[in-house]
Amino acid sequence: MADIKIEIDGQIVNAKAGETLIAITDREGISVPRFCYHKKLSTSASCRMCLVDIEGVPKPQTSCSTPVSDGMKIHTQNEKAKASQKAVMEFLLINHPLDCPICDQGGECELQDVAVEYGSDVSRFSEGKRVVAASDIGPLIQTDMTRCIHCTRCVRFGSEIAGMMEMGGTGRGEDLKIEPFLAEGITSELSGNMIDVCPVGALTSKPFRYELRSWQMVSNESIARHDLTGSNVYAQTYKGQVKRIVSGDNEAVNETWISDRDRFSYEGLTHENRLLTPQIKVEGQWKEVEWNVALDFAIKGLSNTVLNNRKAHKLGGLASSTTTTEELYLMQKLLREIGCENLDHRLNVNNLDEAIHLESNLKLQALEQVDHALIIGANLRLEQPMINHRLRKAQLSGANITALNVKEFDYNYALNHVSVAPNEIATILAGVLKIVLEKKSIELPEYLSAISPSSSSVELAKDLLNAERPVILLGEHIINNKQAASIAQLIAEIAKQVGANTLNLSISANALGAQHVNFVPNSVGMNVNEMFKAEMRAFLLLDVYPEYDFHHANSAIEALSKEDVFVVSLNSFNNDLVAQYSDVLLPMAAMYETSGSQININHDIQSFTAMVKAPDEAKPAWKVLKVLADLLELPGFHYENSTQILEEFEHQPAHEHSQETAIDLSQQSTAIETVWMHNCYHSDALLRHAKSLSMSTLGQVNSASMNANTAKELALSDGDEYLGVPVDITETVADLCVFVNSNQATNIRSMS
Amino acid sequence: MISDNAKKQIDHWIEKYPQGKQSSAVMEALKIVQAENDNQLTHDSIQAVADYLNMPGIAAAEVATFYENYNHKPVGKHIIRFCHNISCMLNGADDLIAHLETKLGVKTGEVTKDGLISVKKVECLGACVGAPMFQINDKYYENLTADKIDDIVDGLQ
Amino acid sequence: MNEVCFKNLDKDQCWSLETYEASGGYSTWRKILKGEYTPDQIINELKASGLRGRGGAGFPTGLKWSFMPRNAQGQKYIVCNSDEGEPGTCKDRDILRFNPHAVIEGMAIGSFVMNATVGYNYIRGEFIEPFNRFEGALKEAYSAGLLGKNINDTDVSFDLHAHLGAGAYICGEETALLESIEGKKGQPRFKPPFPANVGLFGRPTTINNTESFASVPDIMINGGQWFADLGVENSGGTKLFSVSGHVNNPANFEVSMGMPFSELLELAGGMRNGAKLKAVIPGGSSTPVLTAEAAMGMTMDYDGIDKAGSMLGAGSVIVMDDSTCMVEALTRLAHFYYDESCGQCTPCREGTGWLYRVLKRIMDGKGKADDIELLLGVQEKIMGNTICALGDAAAMPVESFLRNFREEFEYYIEHKKSMVKG
Ligand SMILES: Cc1cc2nc3c(=O)[nH]c(=O)nc-3n(C[C@H](O)[C@H](O)[C@H](O)COP(=O)(O)O)c2cc1C
Ligand code: SF4
Ligand code: SF4
Ligand code: FES
Ligand code: FES
């Protein structure tokens with residue numbers, strides 16, 4: 001676009017030909033009132049609030065839709081512009097309630113802000129205000145449509161960003177009503193952004209409702225850690241409690257959107273199951289004690305079981321990857337200092353000999369630019385919403401996207417879905433690799449000799465070869481695939497040959513942080529599964545909830561519960577099971593209650609401070625670990641704040657685990673395989689305690705999906721349960737496999 | 001929800017539009033489905049049309065509630081749409097509407113007890129030189145008088 | 001009279017292909033198929049003809065056609081606006097019923113000029129009879145090998161379809177009409193971009209009124225100058241005037257532009273019952289109302305009506321005698337715009353209802369002394385501030401009724417009853 005000069009309110013301004021006026025005034029800090037305009041949404045130019053006067057144009061023009069041209073002279077404040085703006089304001093107010101003091105948006109309402117400046121005598125309207133009947137659109141968003149100013153931002157958000165048009169404007173003229181069509185209300189995983197885009201109090205946060213005014217709260221930047229994006233958020237707090245999470249702005253990460261998971265998980269912070277005081281188990285009885293008593297008890301227990309008799313190899317350290325990098329770093333440092341190499345964060349992997357090694361080498365902004373994506377084993381919409389959002393943008397700008405999945409999920413953009421049973425994936429990819437190698441006249445490795453590529457392989461290979469900027473994404477559904485390691489290795493090979501980037505989405509939350517600080521056993525140590533098979537004497541657990549976190553939940557619980565095993569649990573939540581196997585309970589700070597960092601898919605270390613103090617006696621885990629280390633008289637734990645910990649590990653080279661796994665395609669199982677995924681609103685402890693999310697349509701999903709043939713093979717029918725989960729017979733699932741999406745504890749024990 | 005016959009009619013409309021633009025047929029599809037369902041659209045029939053045309057339900061609902069020619073409440077077998085706009089008003093439409101209301105024993109917006117006829121006041125139907133006029137189903141009746149109205153209405157069954 | 005769109009009106013089966021061809025119909029199209037015309041030649045004839053858009057805005061048709069990026073890659077569309085819903089207007093209905101082939105040929109010629117190989121005629125949903133006529137004509141044209149792909153083995157293609165509306169005046173606004181063809185609510189788009197660049201399905205599109213298209217074939221047969229000479233300066237040709245209201249013989253009249261209003265009134269049989277003329281809305285409900293005096297001194301062409309203080313619009317002449325209560329008439333019109341506003345933009349959505357409610361209140365005998373100022377203030381706040389011209393259309397009658405017949409409104413407010421009807 002050509003560089004041009006225009007004049008705004010007498011001031012010469014540089015611009016590009018064709019830019020919209022409002023983009024320029026925003027850049028220049030010239031304030032033009034607006035309601036329907038949103039920089040990330042299409043233009044609607046319907047509220048008419050941004051009218052300005054352009055010399056030589058008889059009618060006032062909307063800044064949000066007018067492209068500028070060289071020499072244009074614009075007046076945003078002259079009499080004509082002001083008259084139009086005032087007129088629009090007056091029209092907006094005649095049907096808008098003037099009871100701001102009781103409105104939930106009071107104090108952060110764009111209408112209120114502008115009205116103060118423009119609204120004049122609204123009293124002239126005496127014809128009675130429009131009242132719109134209340135409608136319930138679900139547990140997350142509160143509606144008060146009498147306040148709606150019909151800016152359609154929420155409607156455009158739905159169709160353009162969420163990719164599912166759920167809100168619409170029905171009726172016409174004065175009867176125009178913004179509402180959803182479906183009885184279940186709004187179900188998008190991104191729905192809460194409608195709250196942020198709504199300029200008035202028509203759509204507000206239901207969990208937050210009536211609590212506070214925005215000005216009463218303190219708002220600080222933080223990071224949400226439920227997935228690999230690490231969305232930037234503002235945590236709004238009041239009197240030591242997180243009251244609301246709203247979206248932050250970071251083009252490189254989440255642009256200006258956040259998932260509902262990130263927005264509403266904070267509700268779990270105040271759940272009644274929070275562990276609030278240190279407790280020790282004496283003769284089978286729990287006793288609340290002071291911190292120093294609990295810590296001494298922990299040290300004594302560890303000493304008795306493993307430390308005093310050089311049995312550190314009988315100690316196991318397990319951590320959830322939802323914790324901070326600092327916590328993970330300190331914990332591994334502590335364990336390694338005392339000679340323990342048994343540590344792991346890969347709790348949900350069935351067979352770590354088949355562990356996935358695949359690098360992520362494409363940043364989110366670049367993901368938007370790909371022209372082809374191959375998704376393998378993921379329902380990205382629910383598992384990695386913001387990554388899915390970037391892919392959606394790529395698709396809308398023309399990228400061709402294919403998903404290789406056990407189930408045809410509700411994708412929110414057009415893609416080619418290829419239905420595959422888990423045991424077919426490696427073979428298909430091997431076929432792809434074979435075609436690619438043959439095309440490039442590269443000698444075939446031995447393991448490909450017996451492969452004859454299927455038509456799916458041919459299609460996939462063609463797309464990858466034709467693409468200029470392809471990416472292959474490996475998802476969470478593969479972690480327990482019997483050929484997981486081979487699949488990852490095949491992807492790496494294919495990517496190398498076709499020049500594709502890869503994204504390893506088989507891990508989540510802060511697993512990249514755990515990898516960075518090497519929270520895995522070295523060659524002499526045991527991994528999580530090995531630990532449960534060995535005769536362990538003690539465990540140090542960091543925010544672990546076995547019934548959800550472990551693939552081998554049963555053997556984990558058994559191992560932890562043994563009479564002579566001493567278990568120290570640093571936990572944010574308590575429950576019967578935790579109480580059953582633990583010997584010491586140390587309450588830890590949860591998300592937003594501790595400082596620290598997360599490493600996201602861009603490999604950026606994103607730091608955050610504590611937004612609130614942890615409740616009651618709970619303490620940030622890094623502090624607890626530091627004190628434990630001090631009590632054990634370990635050297636090198638003189639930290640005063642978490643930043644010092646960060647400084648220690650941030651420049652350490654990330655630990656590479658690129659040991660080449662030999663690809664082995666010989667063993668293809670023929671059994672009916674099950675892919676078990678936690679419901680997206682039950683994927684970590686904090687989420688499982690966030691009540692509104694659990695009540696939402698997505699949070700309620702609990703089904704074992706299989707096609708009719710598989711059901712027949714398993715002798716199941718509708719109404720039955722499979723592994724304790726209601727059976728859902730649907731032809732969207734590949735033959736001879738089951739896809740479980742459950743909001744219940746993992747129940748795979750009977751599977752393996 | 002949508003009969004095979006209705007689908008055939010809808011398909012005929014879909015053919016008029018470019019590939020992938022089948023939602024252009026939504027207005028006719030809603031009319032076709034309405035005609036098969038007592039002249040009325042329901043939440044389910046709107047959803048069925050949306051599904052058939054592969055568009056969001058709310059998008060079809062927007063259309064179904066924006067245009068006049070869809071009914072969301074029970075209507076009669078015959079719908080009399082009486083123009084009351086300016087040219088018809090100048091030619092005595094208001095009195096004739098009153099006459100019709102009295103004759104049928106209903107107000108505009110209502111259905112006769114036998115479910116045969118409903119009366120609606122509508123805006124200009126584009127036949128102003130034939131004012132006063134009304135439309136019954138697909139047909140226009142112009143230069144109406146009270147007698148003419150009686151004849152026409154008596155002929156409805 | 002009846003020299004262009006209505007020239008076959010008195011013939012038997014005037015809508016048939018046979019009748020149409022007998023009077024020279026499709027001769028231009030056939031010449032185009034034989035390669036005897038270039039697009040520029042046609043545009044030049046149209047420019048010479050002085051034909052201006054008959055849908056209301058009066059934009060020169062030749063100029064509009066020249067704006068289309070005819071050489072741009074990809075699909076382009078040509079669209080006919082037969083949504084006819086402006087109160088007082090009913091000419092396009094008769095063109096569709098009585099001369100559908102002229103519309104088809106006019107569109108075909110346009111499709112060639114603008115290289116737009118697909119066309120749609122948007123017919124208002126209530127026009128079932130005209131729709132069937134048009135569909136019948138399409139069938140005839142297709143069977144006669146006049147439409148389709150690579151017609152007569154030439155590189156000329158034109159596929160034409162009829163699209164039916166479903167009851168919404170706003171779909172007459174050209175961008176709302178495009179939205180409607182796309183299967184959406186008829187909400188006008190903001191401009192720019194204009195349809196010539198981003199139109200139907202995002203492609204370059206030209207939209208013209210039924211009468212505009214139907215005038216093109218005869219212009220091509222007889223030449224642009226012939227058409228221009230039928231009318232007066234700045235207003236070439238003939239025009240269909242729908243004369244309705246208090247006249248003896250309300251009808252559509254195709255007459256030369258520039259005819260004095262008084263003559264047109266005579267054609268329409270004069271005032272009914274010999275009553276006195278009180279007011280005239282000369283171009284459809286959206287155009288300002290004129291007093292009898294202003295009307296009687298006016299000629300029926302763009303400039304003539306402009307001079308009298310109104311607009312030619314769609315040529316819909318609504319005649320009111322002295323029994324007409326102007327408060328009632330304006331209230332009816334205000335109700336219309338209130339009912340038909342699409343609702344997307346604030347001033348129109350909120351303002352049309354406000355205007356109607358104040359007028360209704362006055363009619364209900366609850367008017368207040370400052371209501372007239374209020375009405376004037378509200379219409380002024382709508383005027384010019386909306387996405388489409390419906391806002392202006394709703395405002396203009398209010399201003400002109402109050403300017404020309406203010407005392408009737410004052411009387412109604414003060415006496416809580418009509419000055420005319422008591
Ligand atoms: C509210 C509104 C209603 C309109 N209705 C019609 C209509 O029914 N028929 C029509 O041809 N033009 C109508 N127009 C004008 C069209 O937008 C457009 O200008 C016209 O179709 C262009 O054709 P023309 O250049 O041949 O006149 C309307 C405009 C507005 C703002
Ligand atoms: S609900 Fe809010 S965002 Fe949606 S249209 Fe109304 S005011 Fe705009
Ligand atoms: S002026 Fe009225 S009809 Fe036109 S776009 Fe705005 S609200 Fe819709
Ligand atoms: S912000 Fe420009 S019209 Fe709404
Ligand atoms: S005013 Fe009644 S048909 Fe036009």
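**Figure 1. Charge and overall form of chain B.** Chain B carries 15 positive and 22 negative side chains, with the centres of the two sets 1 Å apart. Lys and Arg count as positive and Asp and Glu as negative, whereas His and the chain ends are not counted; each charge is placed at NZ of Lys, CZ of Arg, CG of Asp or CD of Glu. The model is predicted, so that local features need pLDDT of at least 70 and side-chain atom pairs count only at pLDDT 80 or more, while totals for chains, interfaces and linings use all residues. Residues are numbered from 1 along each chain as its sequence is written, chains are lettered from A and ligands numbered from 1 in the order in which they are written, and side-chain values use heavy atoms, with hydrogens and water left out. The C-alpha trace of chain B spans about 50 × 35 × 25 Å along its principal axes. Its secondary structure consists of 7 helices and 4 strands, in the order α-α-α-α-β-α-α-β-β-β-α along the sequence. Helices (H or I, at least four residues) and strands (E, at least two) are DSSP runs, numbered from the N terminus. Of the 157 residues of chain B, 58% are buried, where buried means under 20% relative accessible area, exposed over 50%, and partly exposed in between (1.4 Å probe, protein chains only).

Figure 2. Ligand 2 is surrounded by 13 residues, the closest being Cys148(A), Cys151(A), Thr152(A), Cys154(A) and Cys198(A); a residue is included if one of its heavy atoms lies within 4 Å. The shell of ligand 2 comprises 11 nonpolar, 2 polar and no charged residues. Ala, Val, Leu, Ile, Met, Phe, Trp, Tyr, Cys and Pro count as nonpolar, Asp, Glu, Lys and Arg as charged, and the others, Gly among them, as polar. Around ligand 3 there are also 13 residues, of which Cys342(C), Cys345(C), Cys348(C), Thr386(C) and Cys388(C) are the closest. The shell of ligand 3 has 8 nonpolar, 5 polar and no charged residues.

Figure 3. Beyond residues up to four places away in sequence, Ser24(B) touches Tyr17(B), His163(C), Ile181(C), Glu182(C), Gly183(C) and Phe201(C), a contact meaning heavy atoms within 4.5 Å. Apart from neighbours within four places in sequence, its contacts are His345(A), Ser508(A), Ala509(A), Asn510(A) and Ala511(A).

**Figure 4. Helix H5 of chain C and Lys360(C)****.** In helix H5 (residues 91-98) of chain C, 7 of the 8 residues are buried, among them Lys91(C), Asp94(C) and Arg97(C). Lys360(C) belongs to helix H15 (residues 346-363) of chain C and is partly exposed, with 34% relative accessibility. The C-alpha atoms of Lys360(C) and Arg97(C) are separated by 37 Å, the two residues being 263 apart along the chain.

Figure 5. Most residues other than glycine have a negative phi, and most peptide bonds are trans. A cis peptide bond links Lys191(C) to Pro192(C), with omega about -5°, and the bond from Pro192(C) to Pro193(C) is cis with omega near 5°. Pro192(C) is in the loop between helix H8 (174-181) and strand E4 (205-209) of chain C. Leu736(A), with a positive phi of about 60°, sits in the loop between strand E30 (725-729) and strand E31 (737-742) of chain A. Gln13(C), in the segment before helix H1 (17-22) of chain C, has a positive phi near 45° and is partly exposed at 45%.
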